[in-house]
Amino acid sequence: MKQGRVKGRASGVPRGNDRFRLVVVAAAMVLIVAIAAWRGTKAPGPGSGPGSGPAATSLAGANESGGGVRAAPAANGSPSADEPSSVLDDVVAGPALARVRVGAWNIEWLGMPRSRSGGAKDVAQSAADLADQIDDSGAHLLALQEIVSGERGTPIRSREIEGVIDELTRRGGRGWKYVLFPGRQRGDQLTGVMWDARVLTAIDPQGGALNLRIAPWSVPIIDGRAASGGVLWARPPHAMKFRVGSAGSGKTDFVIVSLHMKADYRGDFAAQRAEEARALIAAMPELRRHFADQDVLLLGDTNAASDAEASITLLAEAGFVELNIRDRPTHYRGTAMMDRTLVPKDQPEFAGARFEVASEGFMASRGLSPEDFKRRLSDHYLVYCEFASAEDDD
């Protein structure tokens, strides 16, 4: 009998106690897997960068490590492309504050590569590269500049932006939408907005879901010319309103204006930018009345090399706070701080807002030089800020 027991153990047959331990371990492993599946967690997929991560089950603090909020899958295994997921609605309805990440990106002449400059001339950006940067940034919304589309009508379409959204979908980011704002004539650089509709909902002034086929709301700035003779706001500013979660969530809503002010191309146009700032400020009362909201964010390419420039100081005097207080460069040459975010100074949601430039970490992790970034993506870096979402207060 002794020999039989020794032989049995040597040949891999467990004893009674060993069998019990194996059963317990197996049951524990099954329980762990079941809990993970119930919570909707998943491992990062291919192409995930430092800003990617497991599907989020909470918005609170989700961006501290650089990752964005990832909406949980819908019942069919994929997030809904039409509205925020019910899981996300449950999360934002809770007492914890959420962090929302909104950004801006001037994507150099996207859709017209022949107009790009230097080593990027005639180089069309790839959807994979652009989606990689957006995914890595963790942004939930981007105000866009320098998008070119030969199409007219409402809504204006861009094959390049749609290619980026297809790539984000392939990476698991299904749910992104976009709107482009009209220019003054065919071939103009356009501004616009793209957003993750699993996290944010575009809403109308009454708080219902926005019909995206309706022409976007143009900020009421009278067409005119600057003292220098140039057109004021050659890229006309438009505004859209968004809410965290679904249209009826009751969470923070805010209005964004995508900016692209006069550039110092063949001259110094600081004085014209100051005139554009005054025109925008004059339109603010009507903008706030139209959307019935005080939470207005100004995002994008101000072309102001310093926050001491008159255009920025005028906006500050009008009640905005420029967040790039460290004057971090937002251009690949490393000397210009043109891309900015301005938030209302008297609204509590923005008290802890912070500004970031998605450049050094992204390029270092991919072995890119600033010149590589310029050639493959843009001469401007993507910038973003975070702010708190809670119960809406206006």
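**Entry 1: two loop residues**

I started with Arg266 and found it in the loop between β8 (253-260) and α6 (270-291); helices (H or I, at least four residues) and strands (E, at least two) are DSSP runs, numbered from the N terminus. The model is a predicted one, in which local features need pLDDT of at least 70 and side-chain atom pairs count only at pLDDT 80 or more, while totals for chains, interfaces and linings use all residues. Residues are numbered from 1 along each chain as its sequence is written, and side-chain values use heavy atoms, with hydrogens and water left out.

I noted the phi of Arg266, which is near 60 degrees, a positive value in a residue other than glycine. Most residues other than glycine have a negative phi. Asn303 also has a positive phi, of about 60 degrees, and is not a glycine. I located Asn303 in the loop between β9 (296-301) and α7 (310-317).

Are these two residues buried or exposed? Arg266 counts as exposed because its relative accessibility is 74%. Asn303 counts as buried because its relative accessibility is 7%. The cut-offs on relative accessible area are under 20% for buried and over 50% for exposed, with partly exposed in between (1.4 Å probe, protein chains only).

**Entry 2: the chain as a whole**

I counted nine helices and 13 strands in the chain. The chain has 394 residues, and 49% of them count as buried. I then took the contacts (heavy atoms within 4.5 Å). Among those between residues at least 6 apart in sequence, 72% join residues at least 24 apart.

**Entry 3: the sheet**

In what order do the strands of the open sheet stand? I read the order of its six strands as β3-β4-β2-β1-β13-β12, with mixed pairing. Two strands are taken as paired if DSSP finds at least two bridges between them. In general, strands of a sheet pair through backbone hydrogen bonds, either parallel or antiparallel.

At the edges I found β3 and β12 (354-358); each has a single partner strand, so one side of each is left without a neighbour in the sheet. From one strand to the next, the twist averages 20 degrees. Angles run from 0 to 180 degrees between N-to-C directions, and axes are lines fitted to C-alpha atoms, for helices over the stretch in contact.

Arg354 stands opposite Glu386 in β13. I also checked the burial of β12: four of its five residues are buried.

**Entry 4: strand β4**

I moved on to β4 (residues 190-196), where seven of the seven residues are buried. On one side are Leu190, Gly192, Met194 and Asp196, on the other Thr191, Val193 and Trp195, and both faces are covered.

β4 pairs with β2 (residues 141-147) in the antiparallel sense, over five bridges. Here I noted that Ile147 has Leu190 as its bridge partner, and that Leu144 stands opposite Gly192. With β3 (residues 176-180), β4 again pairs in the antiparallel sense over five bridges. Lys177 has Trp195 of β4 as its bridge partner.

**Entry 5: the cores**

Which residues touch the most other members of the largest nonpolar core? Among its 59 residues, they are Met194, Trp195 and Phe242. A nonpolar core is a set of buried Ala, Val, Leu, Ile, Met, Phe, Trp, Tyr and Cys residues joined through side-chain atoms within 4.5 Å. Strand β1 (residues 98-110) gives the most to this core, with six residues. Another core, of 23 residues, lies apart from it, and I list Trp217, Phe291, Val296 and Leu342 among its members.

I looked up the contacts of Trp195, leaving aside neighbours within four places in sequence, and found His140, Leu141, Trp176, Tyr178, Leu212, Met240 and Phe242 among them.

**Entry 6: helices α4 and α5**

How do α4 and α5 pack? Helix α4 (residues 127-137) and helix α5 (residues 159-170) have their axes 8 Å apart, at an angle of about 60 degrees. That makes α4 oblique to α5, since angles under 35 degrees count as roughly parallel, over 145 as roughly antiparallel, 65 to 115 as roughly perpendicular and the rest as oblique. I recorded the contact residues as Ala127, Ala128, Leu130, Ala131, Ile134 and Asp135 of α4 and Gly163, Val164, Glu167 and Leu168 of α5.

α4 lies across β1, β2, β3, β4, β12 and β13 (382-389), and runs at about 160 degrees to β1. α5 packs on the sheet and touches β1, β2, β3 and β4, with a direction at about 170 degrees to that of β3.
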